[in-house]
Amino acid sequence: MPDKMETIVSLCKRRGFVFPSSEIYGGLANAWDYGPLGVELKNNIKQAWWSRFVHRRDDVVGLDAALLMNPKVWEASGHLQHFTDPLVDCKKCKQRFRADHIVPATSAKPDLGKQVEPPKGKAVCPNCGGELTAVRQFNLMLKTFLGPVEDSGSSVYFRPETAQAMFVDFKQVQAVTRKKLPFGIAQVGKAFRNEITPGNFIFRTREFEQMEIEFFVRENEWEWWFEHWLSEMKGWLKFLGVAETDLNFREIPDGERAHYSKRTIDIDYHYPFGSKELYGLAYRTDFDLQRHAEVSGADLRYTDPQSGEKFFPHVIEPTWGVDRSVLVTLLSAYAEEGSGDKKRVVLKLPKTLAPYRVAVFPLLANKPELTKLAREIYDDLRKTFNVAWDDRGNIGKRYLSQDEIGTPACITVDFDSLKDGAVTVRDRDTTKQERVKIGELIEYLIKL
Ligand code: GAP
C-alpha cells in the first residue's frame, strides 16, 4: 500500500469519520472534528472501554470531574514546574522542533519530570540543515482565565491529563462507595497540551481524549497489579483488532521515567510514520496522594478496616489515548481485497465498534412495496442498533460503500421477501449471503 496513513486520512475525510476543524476558515493547525461516522466509532470505543473496565468489574468505579481545576492541583502534581518539552528553533528556516525528536538518543521521552538533555554533538535542523538554538524548556500546560479580569489571580489551566482528579477526589469516592483496597477510579475525558509539534493526523493533537484508571493498592501488591493491568491492556488491544506484531512493549529505563514512577511500560504501535507510543502503564507509587495531602492539608490516607492502620495507597495507572485508539483501530481494520472489478476496500472493524451495525436496502428504490417493507425493517432495527439506509445505485455499489465504512451486515429486501417474510443478509468479511426470517433478524445480528 503506497502510504497507509494518507489512505486512512483521505478515507476519513471522504466518508465523514474525521476532517479538519473549522476548515471554512482555513482550519486550525492540527485540530480535527469527528464527523457522523467518526463520533459513532469513537463513542463505541469509549463505551466498550467503560463497559469492560468499569461495569464488568466490581473493583473499578467511574468519575467525570471538571476540566478546569484549582491551579494548586497542578502545583502539587508537579505539572507547573516539570511538565515541559525541550524546544529548539532553527536559526535559518525558523522551524521549531522538539529536541528529543531530533536526537532521540540524547534525551528522554518528554513527560512529567523526565530528564531531558540538549541535543549533543552536531544536531542540525532536519528541515534545512541550519544551526539550532540552545534548548529551552517549554511548559505544555494550556492556560486560560476565569471571569472578566485577565490577571494572574484568575488564571487556570486546562487539565493535561484526567488522572489528577482521581487523586484529588480519592477520599470522596472511597467514602461514598465504601470500596476497600484494591480498587480503581476510571475516567474518560478531554485533556489539553500545548504540544510543540503536533501532527500525524489525530496521533498528536493539542486537544485529545484519554481513558485512564488510577488503581489503588497496598504497596506490597503493586507488582502483581502491574502485571494484571498489562494483561488487561493486551486483552483490550486484541479486542480492537490490533495485531501483536504491530506492538512493542517498551520498558522505560531508570532515569528516563517520570519522577513519580518506579516502573513504566510504554506500549508502542508501528504506525506508518514510525513506532511510537500508543498507551502507557505506570506504577506511580504513593507520590500523587502524598503530594496532594501535603499541599492541600487534607488527610488522603486510607484506613485499613481491620487493623485501623492509616496509610497512603500506591497506584498503578494504565492509560489509553482515545484518539490513538481510533487511529490504530482504523489502521488495523483497513484492507484492500481483490482486483479490477472485484476490488474492494473493507474496514474489518470489530463488529460492535462499527459506526453502523447493519444497513438496510430495498432491492429497487422505485418499487414502493419493497421500500415500504425495507423501511419497516429499518425502523424496527433502529430501536436496537445504529442502522444505515441506502437506496441509491445498484446493490453492488451499496455493498462496497458499506464495506468501506465497516458495516458488518447488509440486509436486502427483494420481491421474495414479500412472499416468504425473509431477507438476504450479506456478511462484510466473507461477502457470503444468507436468507434470514425478518422476525429473527435482531437475534441473528446480535449473534453476528
Ligand atoms: N496520566 C498519564 C499520562 O497522561 P501520557 O503518556 O502523557 O500519560 C497518556 O498520556 C496517553 O494519552 C498516551 O499514551 C496517548 O495515548 C495519549 N496522548 C498523550 N498526548 C497526546 C496528544 N498530544 N495527542 C493525542 N493523544 C495523546
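**Domains, cores and an open sheet**

In this predicted model, the C-alpha centres of domain 1 and domain 2 sit 26 Å apart. The chain splits into domain 1 (4-70 + 143-331), domain 2 (84-139) and domain 3 (356-447), with bounds taken from an automatic or database domain assignment. Residues are numbered from 1 along each chain as its sequence is written, and side-chain values use heavy atoms, leaving out hydrogens and water. Local features need pLDDT of at least 70 and side-chain atom pairs count only at pLDDT 80 or more, while totals for chains, interfaces and linings use all residues.

On to the cores. A nonpolar core here is a set of buried Ala, Val, Leu, Ile, Met, Phe, Trp, Tyr and Cys residues joined through side-chain atoms within 4.5 Å, buried being under 20% relative accessible area (1.4 Å probe, protein chains only). The largest one has 59 residues, and Trp-320 and Trp-229 are among those with the most contacts inside it. Helix α8 (residues 222-240) supplies the largest share of this core, nine residues. A second, separate core of 27 residues includes Leu-63 and Ile-185.

Then there is an open sheet of five strands, ordered β20-β19-β21-β22-β23 with mixed pairing; strands pair if DSSP finds at least two bridges between them, and strands (E, at least two residues) and helices (H or I, at least four) are DSSP runs numbered from the N terminus. Strands β19 (residues 358-362) and β21 (residues 409-413) run parallel, joined by five bridges. Phe-361 has Thr-412 in β21 as its bridge partner.

Definitions and conventions:
Buried means under 20% relative accessible area, exposed over 50%, partly exposed in between (1.4 Å probe, protein chains only).
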